[in-house]
Amino acid sequence: MSKIIMRQMKESQAGTISAIKVGGELGRRIRDMGLVPGTAIKIQGRAPLYDPVALKVMGFTLTLRNNEAEHIEVEVE
Amino acid sequence: MEPTIALAGNPNSGKTTLFNALTGARQHVGNYPGVTVEKKEGSYRHKGKRINIVDLPGTYSLTAYSVEEIVARDFLITEKPEVVIDIVDSSNLERNLYLAIQFLEMGVPLVLSLNMIDVAKTRGIEIDTQKLSELLGVPAVSTVARTGQGKEELMGAALSKAKESETIAPLVISYGDDLDKALGEMEAKIKAQDFLTDLYPARWVALKYLENDSQILEKGRKLNPDLAAKLEVMVQKVSAHLHNTLATEPEALISDHRYGFINALLKQGVIHRQYDQNRLYTSDKIDTVLTHRFLGPLIMLSVVMGLYQFTFTYSEMPVGWLEGFFGWLGDLASTHLPDGLFKSLVVSGIIDGVGGVLGFVPIIMFMFFGISILEDSGYLARVAYMLDRVFRMFGLHGNSVMAFIVSGGIAGGCAVPGVMATRTLRSPRERLATLLTAPFMNCGAKLPVFALLIAAFFAEKEAVAMFVITLIAWGGSLLAAKLLRMTVIKGAATPFVMELPPYRFPTFKGLIIHTWERTWQYIKKAGTVILGIAIILWAMMTFPGLPDSKVKEFGEQRTAITMAAPEYVVQEMLSADENPEFSNAAQDLKERLQVINQAEAEAGLKYSLAGRIGIVLEGITQLAGFDWRTNIALVGGFAAKEIVVSTLGTAYSLGEVDPEESESLSDALANSPAWSPLVACSLIIFTIFYAPCFVAVVCIAREAGSWKWGAFSMAFNTLFAFVLAILVFQIGKAMGY
């Protein structure tokens, strides 16, 4: 088990969110969509220009820009 | 009194589909006061009783960060609907309940609609509706909005909820020891002074203080600065404590606990899943192709091209019918009204003006139909996803591409539907930047101007010239957007955090309703203003009329020519209707009279207000190589860009030149000493970038929510265009062209 930043995760890699390190509007938007510590996520893919990133969370698909995924810490196998 | 039921829910939860299923065509769209968020209202009959239904904007939460969320919660507070139906996507229950429990915390009378229960079933998700209803203490009905399943039962549940007279106790969730303690203390203070409690539950106000909610903080400071300051200090204290002990902040802790509450709730046997939650569904499999690194962009390109083709090719026929009808009406008025100002007003002002407004209607309808398909199917979100990286560099959003393409990103579009297409953008700053720069694209009305100038000066390189013009428009739009985002619309990029909804087949009913309501808004609102401006423009190019002495002079010239001709030739010419085959002499006479008529028209135009403006401006516009004739034409182009061609024709004494057949005019320009390829380049640049036609300006003002932005787009674009045109002309001149 190790903690990495979501931005560095590879396609199909799964993990559990351990921390959201941003506040304000962005932090709020991220949390509102269910990305809170303890949530399981799985990277689904990236846009053709490698940004944004698409991930599976609670059964739906969410997209985030890389610079937004930078604030999310994920515990991976 | 008719009860009001508000529909709330996450975007993509099927809320609008349910609204359409309930109200059908009995709905109308307006705006919430002061903002550009659409307000949809309609009515529904349940057992003979009329119920008023309001479709609130789709939101994920109830913060003060977005206009939609503020609008939704303000509506609940000020209008106090009898019941709120929260439409929940059953296949995505956890996230959807996040909004539901926020409603319960506000103490609104809630009924849950567990929508898309069929999708949930195919995904192996089983929901115990009864259990969920018991645990949350609210009625819950499973529905399928697309087919209308559960609709009656849902409305029945809502109406019996509306009849309950007891006040609803807000839901209380535990937010952990630290926050609970702070909440308790704050709640006591709030209750003691009746601070905002006429509007909100006391605990909810305390929660919003902890969440740092800008709207509530502001209201509090105005109402009771003393208590507001005290509450803010309490929040600071607990924030500092949380920061030191848990390295977190109240806002984060609150959402963590809300999701914790939902998880605990669902674990009590509410939900049974057959498969792993994050397994891939059909929709994800489609995405592996549609958002594929190489295939994705290619498919997107063809979809966008397809939308464009659909909009402009299929609307051609109805546009033609409308043009034909207004042409016929104009002819009818021309033949039956006596010559004079009134006739000119009716034909050139009113009929042309109304025709101009309605001429856009088929294009707008087709565009919205196409975009609704992309939007309702879920593809539009993929477009934003794939293009975001590119458009973000310029301070825009991935979905900006639709507005750009429709406006003429593929030459020949139209800025009016283009500006209206920005409605699909939910990021306010990005949306504003898009709708201000999309009119730089080469709309169909600019093309005759380019065609004229290219034919006159660059005839041998037609295709290359058109391609370069398209590139210039794109480059200019994106750079202008960047410029705007760094100056007048400054501000960080709106967080992208976006859901890619599962692909769905759009319902035909939904598409038709979508298309019609947006088109009708255009006709209703824009129509009146546009007619007014059309008349003003007509007046500018008509008044003041030539002084009597001048009119007499032209009259005398005509008389002189007619007198000089033999009587039988004059007779032959006057009997034109019956005998279109003229003898040479009669033809000659007719042409000589025509020359005088056209000279009179030129003199009249020069004498009019528009002409005078053109002449006054010549001093400055010489810097870009434009003489007074070009200036008048450009003033006329504010009515519609293709008018530049016909006005130039009048200014060059060629009569009104048909924009589609401008050979005579392009010859005149090519031979005129005032023109050169360099002047043509400068004018092309100016035409691309200067003020949008006034129909587009009216739409910009409407979509941006303020006339300020309409005025801004006229001033900014004209200045931007003029600076570029001067650069082209002066640098070109210095280089010896």
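Chain B contains 33 helices and ten strands, where helices (H or I, at least four residues) and strands (E, at least two) are DSSP runs numbered from the N terminus. The model is a predicted one, in which local features need pLDDT of at least 70 and side-chain atom pairs count only at pLDDT 80 or more, whereas totals for chains, interfaces and linings use all residues. Residues are numbered from 1 along each chain as its sequence is written, while chains are lettered from A and ligands numbered from 1 in the order in which they are written.

Along its principal axes, the C-alpha trace of chain B spans about 105 × 60 × 55 Å. Of its 737 residues, 45% count as buried, a residue being buried if 20 or more other C-beta atoms, placed from the backbone, lie within 10 Å of its own, exposed if 12 or fewer do, and partly exposed in between. Among contacts in chain B between residues at least 6 apart in sequence, 71% join residues at least 24 apart, with two residues taken to be in contact if their C-beta atoms, placed from the backbone, lie within 7 Å.

Seven strands of chain B form an open sheet of mixed pairing, in the order β2-β3-β4-β1-β5-β6-β8, two strands being paired if DSSP finds at least two bridges between them. The edges of this sheet are β2 (27-31) and β8 (140-142) of chain B, each of which pairs on one side only. Neighbouring strands of the sheet are turned by 25° against each other on average, direction ignored; axes are lines fitted to C-alpha atoms, for helices over the stretch in contact, and angles run from 0 to 180 degrees between N-to-C directions. Helix α3 (residues 93-106) of chain B packs on the sheet, where α3 touches β1, β5 (83-89) and β6 (110-115) of chain B and its direction makes about 165° with that of β5(B).

Within the sheet, strand β1 (residues 4-9) of chain B runs parallel to strand β4 (residues 49-55) of chain B and is joined to it by four bridges, B:Leu7 having B:Asp55 as its bridge partner in β4(B). Five bridges join β1(B) to β5(B), again in parallel, and here B:Gly9 is partnered by B:Ile87. Five of the six residues of β1(B) are buried, so this strand is largely enclosed by the rest of the structure.

Helix α1 (residues 15-23) of chain B is mostly covered, with nine of its nine residues buried; among them are B:Lys15, B:Thr16, B:Phe19 and B:Asn20. The residue that follows α1(B) is B:Gly24, whose phi is positive, near 60°. In another part of the chain, B:Ala421 lies in helix α19 (residues 415-421) of chain B and counts as buried, with 31 C-beta neighbours inside 10 Å. Leaving aside neighbours within four places in sequence, B:Ala421 is in contact with B:Met367, B:Ile371, B:Met402, B:Ala403 and B:Val406; the C-alpha atoms of B:Ala421 and B:Ile371, which stand 50 residues apart along the chain, are separated by 7.9 Å.

Chain A has two helices and six strands, which follow the pattern β-β-α-β-β-β-α-β when read along the sequence. The radius of gyration of chain A, taken over C-alpha atoms, is 11 Å, close to the 11 Å that the globule rule gives for 77 residues, so chain A is as compact as a globular protein of that length; the rule is 2.2 Å times the number of residues to the power 0.38. The C-alpha atoms of chain A fill a box of roughly 30 × 30 × 20 Å, taken along the principal axes, and 55% of its 77 residues count as buried. Of the contacts in chain A with a separation of 6 or more, 54% are accounted for by residues 24 or more positions apart.

The contact between the two chains takes 33 residues from chain B and 34 residues from chain A. On the side of chain B that touches chain A, the elements giving two or more residues are α3, α11 (250-266), α13 (295-314), α17 (379-392) and β10 (498-500) of chain B. By class, this side has 14 nonpolar, nine polar and ten charged residues, with Ala, Val, Leu, Ile, Met, Phe, Trp, Tyr, Cys and Pro counted as nonpolar, Asp, Glu, Lys and Arg as charged, and the others, Gly among them, as polar. Strand pairing also links the chains, for three bridges join strand β5 (residues 60-64) of chain A to β10(B) in antiparallel fashion, and B:Glu499 is the bridge partner of A:Leu62.
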